[in-house]
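Subject: Handover of a structure for your study

Dear colleague,

Please find below the sequence and structure that I am handing over to you. After them, I set out what was found.

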Amino acid sequence: QFCDATASCMVFSDTIHAMLLTHDKFRQFTPKQVANARETSEVLICISADSRADVDQTVDRAGAAGGRVDPGPKQDHGFMYGRSFEDPDGHIWEVMWMDLAAAQAAMSKPAANV
């Protein structure tokens, strides 16, 4: 209902939506200069995925839609897996999956004496 030639809504789930606006439309919402995301970092957006396969699928779909896939290294820590893509404006989106039970178990172990 809010989409037109200047705005589009990207729906990730029932609870996660991202509005994508042209620069002219975005300027209507801020008195600040719009950053050039190819030269500066203004935000780092991270979204959760339900599985490792969902991480790969989301990043691959972003690449097929014109994004740059894996501008940074993949992150694979066994219980946590992540990749990223850069949108056409240069913003970096991270997509992460975590096995919460395995992460909690790893964090509850006493630190090794060094």
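I begin with D60, which counts as partly exposed at 44% relative accessibility; here buried means under 20% relative accessible area, exposed over 50%, and partly exposed in between, with a 1.4 Å probe and protein chains only. The model is a predicted one, in which local features need pLDDT of at least 70 and side-chain atom pairs count only at pLDDT 80 or more, while totals for chains, interfaces and linings use all residues. Residues are numbered from 1 along each chain as its sequence is written, and side-chain values use heavy atoms, with hydrogens and water left out.

Salt bridges

D60 meets the side chain of R83 in a salt bridge, at 3.7 Å from N to O. The term stands for a side-chain nitrogen of Lys or Arg within 4 Å of a carboxyl oxygen of Asp or Glu. By this rule the count comes to 7 salt bridges.

Together with D56 and D70, the residues D60 and R83 are linked in a network of salt bridges. D70 is found in the loop between β4 and β5. In these names, helices (H or I, at least four residues) and strands (E, at least two) are DSSP runs, numbered from the N terminus. Phi of D70 is near 55 degrees, a positive value in a residue other than glycine, and D70 is partly exposed, at a relative accessible area of 22%.

A further salt bridge joins D76 and R52, whose closest N and O atoms are 2.7 Å apart. D76 lies in strand β5 (residues 75-76) and R52 in helix α2, so this pair ties together parts that are 24 residues apart in sequence. Both residues count as partly exposed: D76 at 47% relative accessibility and R52 at 31%.

The side chains of E86 and R68 also meet in a salt bridge, at 3.2 Å from N to O. Since E86 belongs to strand β6 and R68 to strand β4 (residues 68-69), the pair ties together parts that are 18 residues apart in sequence. E86 is buried, with a relative accessible area of 11%, whereas R68 counts as partly exposed at 46%.

Strand β7 and its partners

Which strands pair with β7? Two strands pair if DSSP finds at least two bridges between them. β3 and β7 pair in the parallel sense over 5 bridges, and L44 stands opposite I92 in β7. Strand β6 (residues 80-86) is joined to β7 by 7 bridges, and these two strands run antiparallel. G82 has M96 in β7 as its bridge partner. The hairpin of β6 and β7 has 5 residues between the strands, and G90 takes a positive phi there, near 105 degrees. β7 is mostly covered, as 5 of its 7 residues are buried.

The largest pocket

β7 also takes part in lining the largest pocket, where the elements that give two or more residues are β1 (7-11), β2 (17-21), α1 (23-27), β3 (44-48), α2 (52-64) and β7 (92-98). A pocket is found on a 1 Å grid over the protein atoms alone: it is an open set of points where a 1.4 Å probe fits, with protein on both sides within 12 Å along at least five of seven lines, and lining residues have an atom within 4 Å of a point.

How much space lies in the largest pocket? About 1,000 Å³ lies there, the volume being the space filled by probe spheres set on the grid points, which are joined across faces, edges and corners. The lining has 33 residues, of which M10, F12, A18, L20 and W93 lie nearest the centre of the pocket. The lining residues divide into 21 nonpolar, 6 polar and 6 charged. In this division, Ala, Val, Leu, Ile, Met, Phe, Trp, Tyr, Cys and Pro count as nonpolar, Asp, Glu, Lys and Arg as charged, and the others, Gly among them, as polar.

Cysteines

A disulfide is a pair of cysteine sulfur atoms within 2.5 Å, and by this rule the count comes to 0 disulfides. For C3, the nearest cysteine sulfur is that of C9, 5.6 Å away. C3 is partly exposed, with a relative accessible area of 45%. C46 is likewise in no disulfide, the nearest cysteine sulfur, that of C9, being 19 Å away.

Yours sincerely
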